Amino acid sequence: MRTPRSLDLEITSRCNASCAYCYYLNNPEVTYTDLPTETWLFFFEELARCQVMDVTLQGGEPLLRDDFLTLVDGIVASRMRFSVLTNGSRMTGEIAAALKATGRCNAVQVSLDGSTASVHESLRGPGTFAPALAAIRTLQAADVPVTVRVTVHPGNVEDLPDLARLLLEELDLPAFGTNAASSLGTTDKYEAGVFLSPEQRLRAMQILARLDATYPGRIQANAGPLADWHMFHAMEAARQQGALIADGGR
């Protein structure tokens with residue numbers, strides 16, 4: 001393909017949370033400036049001319065932009081589909097209904113790192129749990145496709161079974177995704193307790209592997225402990241297959 005099929009667009013660097021693993025934090029050499037509405041609308045038209053089909057709006061917290069729904073209208077006018085990544089704090093019934101009405105919203109992803117406020121807020125900051133949970137329910141009530149991304153870190157490894165029950169049984173989400181915190185830039189800008197030790201990563205892999213068996217196909221991962229588990233499992237299967245071939249199939 002001559003142009004990308006999809007793009008992730010960081011429409012703002014502003015956020016009302018202070019997640020300890022956010023790569024926007026502690027960058028004194030960088031001055032972040034949001035592009036104006038007109039620039040984004042012109043860019044959406046350009047993407048349409050390039051036959052881009054999907055965009056993902058993220059930040060920062062994208063719903064902090066006062067023109068958020070105007071940008072959504074621009075995407076729809078350019079005949080593209082879209083997804084939104086949010087911490088849920090600014091989600092309302094009106095916004096959820098507007099997203100549903102476009103007919104072009106693939107999904108809204110809400111960040112949730114724990115089954116309780118104390119676990120979720122340990123790295124995401126105080127007052128972030130209840131709004132995230134409310135946003136999930138608001139989106140479900142509006143029939144907007146909603147998913148959750150869990151960032152696995154030392155403070156929530158043992159909470160993963162309870163979090164899976166909350167998301168897949170109590171909230172009845174079709175699936176949720178996982179990853180893990182990783183450093184962008186210098187590692188010394190991150191707080192202690194952000195990154196998994198080798199022992200903690202192994203423990204997370206074991207827990208997620210069991211949950212993956214309990215909820216087949218409902219826990220997803222492109223990175224992090226579960227993705228590592230899948231990769232190592234595939235490597236071992238390939239090694240065994242190679243040994244079998246080398247032994248003549250016996």
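Where does Arg79 lie? Select Arg79: the residue sits in the loop between α2 and β3 (81-86). Helices (H or I, at least four residues) and strands (E, at least two) are DSSP runs, numbered from the N terminus.

Before going on, note that this is a predicted model, where local features need pLDDT of at least 70, side-chain atom pairs count only at pLDDT 80 or more, and totals for chains, interfaces and linings use all residues. Residues are numbered from 1 along each chain as its sequence is written, and side-chain values use heavy atoms, with hydrogens and water left out.

**Stop 1: Arg79**

Stay on Arg79 and check its backbone. Phi is near 60°, a positive value in a residue other than glycine. Most residues other than glycine have a negative phi. Arg79 is exposed, with a relative accessible area of 64%. Buried means under 20% relative accessible area, exposed over 50%, and partly exposed in between (1.4 Å probe, protein chains only).

**Stop 2: Gly59 and Gly60**

Now select Gly59 and Gly60. The peptide bond from Gly59 to Gly60 is cis, with omega near 15°. Most peptide bonds are trans. Gly60 belongs to the loop between β2 (54-58) and α2.

**Stop 3: α1 against α2**

Select residues 37-49 for helix α1 and residues 68-77 for helix α2. Their axes come within 9 Å and cross at roughly 20°. That makes α1 roughly parallel to α2. Axes are lines fitted to C-alpha atoms, for helices over the stretch in contact, and angles run from 0 to 180 degrees between N-to-C directions. Angles under 35 degrees count as roughly parallel, over 145 as roughly antiparallel, 65 to 115 as roughly perpendicular and the rest as oblique.

The crossing of α1 past α2 is right-handed. A crossing is right-handed if the near helix is turned clockwise from the far one by less than a right angle, and left-handed if anticlockwise.

Show side chains next. Thr37, Trp40, Leu41 and Phe44 in α1 meet Thr70, Leu71, Gly74 and Ile75 in α2. Contact means heavy atoms within 4.5 Å. By class, the residues of this contact are five nonpolar, three polar and no charged. Ala, Val, Leu, Ile, Met, Phe, Trp, Tyr, Cys and Pro count as nonpolar, Asp, Glu, Lys and Arg as charged, and the others, Gly among them, as polar.

**Stop 4: α2 against α3**

From α2, pick Phe68, Leu69, Val72 and Val76; from α3, pick Ile95, Ala98, Leu99 and Thr102. These residues make the contact. They divide into seven nonpolar, one polar and no charged.

**Stop 5: the two sides of α3**

Which residues are buried in α3? Select Ile95, Ala96, Leu99 and Thr102. They cover an arc of only 120° around the axis, which puts them on the same side of α3. The arc is that of the directions from the helix axis to the C-beta atoms. The buried residues of α3 pack against α2, β3, β4 and α5. Turn to the face away from the buried side: exposed residues Glu94 and Ala101 are there. Just after α3, Gly103 takes a positive phi of about 70°.

**Stop 6: Thr116**

Go to Thr116, in the loop between β4 (105-111) and α4 (117-124). Thr116 counts as partly exposed, at 34% relative accessibility. Draw a distance to Ala130: the C-alpha atoms are separated by 9.0 Å, with the residues 14 apart along the chain.

**Stop 7: α6**

Select helix α6, residues 160-170. Its buried residues are Leu160, Leu163, Ala164, Leu166, Leu167 and Leu168. They cover an arc of only 165° around the axis, which puts them on the same side of α6. Show their neighbours: they pack against α5 (129-141), β5 (146-152), β6 (176-180), α7 (198-214) and β7 (219-221).

The axes of α6 and α7 come within 10 Å and cross at roughly 30°. The two helices are therefore roughly parallel to each other. Their crossing is right-handed. Leu160, Pro161 and Ala164 of α6 and Ile207, Leu208 and Leu211 of α7 make the contact. By class, it has six nonpolar, no polar and no charged residues.

**Last stop: Asp172**

Select Asp172, in the loop between α6 and β6. Phi of Asp172 is near 60°, a positive value in a residue other than glycine. Asp172 counts as exposed, at 56% relative accessibility.
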